[in-house]
Amino acid sequence: MYTAEERGELLMFGGVGPLHALPSGIGTYHLIGSFGPNFGKVLDDYDLLTRSLDMCEQAGYGAGTCPSLRALLGSMMVGGFDSSDGKKTKIDFHLETALCQPQAQSAQIVAERHNAPFFLIEIPPTEKQSAFLIMQMNDFIEWLEKVTGRKYDDEKLITAVNNEWEVRVLWSRLCEQQKVVPAPLKLASLYSFMNLMWRSGRHRPETVEFYRLALDEVRHFVEEGIAAVSTERCRLMHEGSLTWYDSIITKYPERWGAVFTGSEMCFGSQGAWEVEENGCWKVAPTIGELGLEMRNRDEALAVLAKLYLQYAPGNQGFALLDRRIRNRTTIAKDWHIDGLVTNNDRACRGACLGNTETVISVKQEGIPAVSYDGACIDPRDFDDIAYKSQIETFLETTLGLTALYD
Amino acid sequence: MDVFERFRQTFDNRHDYAREWKKRTGGRVVGYLCTYVPEEILYAANILPVRIFGGHEPQDITEPHIWNMFCAYSRDCLAQGLLGRYSYLDGIVAANGCQHIRQTHDSWQRHIPISFSYFFYMTTHVQSRAAHACLPDEVRDFRTAVEEWTGKAISDDALNRAIEVFNTNRRLMKDLYELRKSDPPMLSGLEALEMVAASMVMEKEDHNRLLEQAKAELKKRSQREAGKVRVMMVGSEMDDLNLMHILEAAGASVVVDDSCVGTRYFWNQAEMNSDPILSISERYLNKPPCPVYDITGVRRRKEHILTLAHEYNVQTCVLILQKFCEPHEMSIPAVQSWLKERDISTLVLETDITISAGQVGTRIEAHLEMLDQGE
């Protein structure tokens, strides 16, 4: 990534949600997720993380602001954004989507700091607004040619749209395997797998290849009856962001044989799903199965818009809360969930939007639920003792489990 | 009765006003949750649009529905609904504003009986060419939804008339804001706030008549006493009359604002167009934005805030932050830096559903004293 410039390749800064296929017409580009190249390092280093958060707060971004922004901006302020040998990260352009509203605002703040060419695309919630999305994508292409001085190649776009659609379908097929009891993967593993899409982009052929292999392997687990946790006897669903700097959230319940096996956020944010009339999720058809043709830019953009507006229910949930809550409730039933755990995050409202009503809705379906006060990025705000106590009570008193080991 | 007293009483007794209006006209009342909802559509359908406000009183009923680290306003509004204060509403409309208020809308439609609920997809990327091309479709859809609900068509003539009435309302309020440029200003910050808040809950033509009366009365008003520091208030939904009272009692003379119960509600007009839907769309796309609608390119809020600060000869700016209001909290460093460039100091005041009068008053007094000593 740091040597992209030497190879004549471009570096795009952007969040976890952008339309990865869209910039591909300009040639090879590398993606820096909105959390920056060293974000994992920051989250893994308590001292660095808290210094980053402190620094950001001193700059005026209080504890109620988007925690991802604070970690990212703070890490940039303390030098964590560049390579460890001090090589500067030169961003060629910055694309962000307005989907999670604070994330869009965060992108604006970071773009102003970087002074990199910035383009924002708002992803509306339904196919009814596809003309709005397509027009923005066309404007982006025109803008991209100007800021990079490169010619946009529609053939490359078509290939990238094919890849992005396929990766999303592969991801959904993989998530579908999680319906099997016992589950082949833990939620934490799913998120690790998902990370590749954020880091490499869903548009690249190697990403497609990776998820084909991953799906084969997970199917093999299922055929062989291999469980992620051999003692699985209770399946949990988690909504809201996980606590990225600490694995306690997902690991602790395993003492009771309770395993987090999925979430709407994990399945929906990167997958392609067809939501049926009754709210059930079915893996979306492929481009070929739908008989869609892409012979030029207009057709490719129409297909990309269709993917985002018709087959990405995870995106819709930011605007249409009733759908998010219905989706979570049907997932809980269809993925054979025994209990729902929600993170009412102290700062990340985008991910916990609808949590409280989801708890009510899921309970009405006879599935027990509990909420905890989390802080997905700020360890200073997270009370792990309280979490343990809450989850222990939920598992033992509500779900009637006894611990398998201390 | 003094006309400003009428504004105050109408706002204080807004539920009685709406009930009485409903009884008198037999019309429907629709509550809206964000100033990006195009009220003109409702008005053209003979519906009374009323902004849903909080009650600024302690409450303990929203926690099962809205996480208590969502903003005070979103929780306070829902509390009013759950408490039955808005039982006269026939419908509710939200715009695609901040995430917090979307939660209020969702919970409202789930738990409070209502026959019409609409989510108006107001594009947040208002600077884009695509927004200007596509928002009219959203306005048309809203019009259709209201027509289907009421069973009556909304004619273009009715829409044009609604635009005219709303434009008159905006123009008159702007005229009255002009009178705040004098030193001392001809009306207080509290009076101005009550005037705008009343506009949001009253039948607009009734409000227009009161505004005309206010203009006439102010011409006769003798010079009033005011605080010696000219203050601008910047924030989100600022309807807390008590807070404004504390500010002015502490020595501030609040002369202008960037608030959605202030200039952001009425500052720009709808340009009359052959297609009223286009007029309405453009008006909402071009209105002074809140941070949610100011997310790319050159921030439009900067020009609005600095122009007001200059024209109203502002000496200091109080940034009102509703607790957990993320969009505004994220914009505070930028707003502070713009004002600092113009040597205008700022004070950030975090408020909740209820405020501690003593504490807030002391902070304001200290801030004003420091300014005084600086001079």
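Modeller: Helix α13 (residues 300-311) of chain B has 12 residues, which at 1.5 Å a residue should span 16 Å; its end C-alpha atoms lie 17 Å apart, in agreement. The expected span is 1.5 Å times one less than the number of residues, and helices (H or I, at least four residues) and strands (E, at least two) are DSSP runs numbered from the N terminus. This is a predicted model, in which local features need pLDDT of at least 70 and side-chain atom pairs count only at pLDDT 80 or more, while totals for chains, interfaces and linings use all residues. Residues are numbered from 1 along each chain as its sequence is written, chains are lettered from A and ligands numbered from 1 in the order in which they are written, and side-chain values use heavy atoms, leaving out hydrogens and water.

The buried residues of α13(B) are Arg301(B), His304(B), Ile305(B), Leu306(B), Leu308(B) and Ala309(B); buried means under 20% relative accessible area, exposed over 50% and partly exposed in between, with a 1.4 Å probe and protein chains only. These buried residues pack against strands β5 (229-235) and β6 (252-258) and helices α11 (263-266) and α14 (326-341) of chain B, where contact means heavy atoms within 4.5 Å. Just after α13(B), Asn313(B) takes a positive phi of about 50 degrees.

Elsewhere in chain B, four strands form an open sheet in the order β2-β1-β3-β4, with parallel pairing; two strands pair if DSSP finds at least two bridges between them. Because β2 (47-51) and β4 (116-120) of chain B stand at the edges with a single partner strand each, one side of each has no neighbour in the sheet. From one strand to the next, the twist averages 25 degrees. Strand β1 (residues 28-32) of chain B is joined to β2(B) by five bridges, and Val30(B) faces Pro49(B) across that pair. Helix α6 (residues 129-150) of chain B packs on this sheet, touching β1, β2, β3 (91-95) and β4 of chain B, and its direction makes about 175 degrees with that of β4(B). Axes are lines fitted to C-alpha atoms, for helices over the stretch in contact, and angles run from 0 to 180 degrees between N-to-C directions.

In chain A, six of the six residues of strand β3 (residues 93-98) are buried, so this strand is largely enclosed by the rest of the structure. Phe93(A), Leu95(A) and Thr97(A) point one way from β3(A), whereas His94(A), Glu96(A) and Ala98(A) point the other way.
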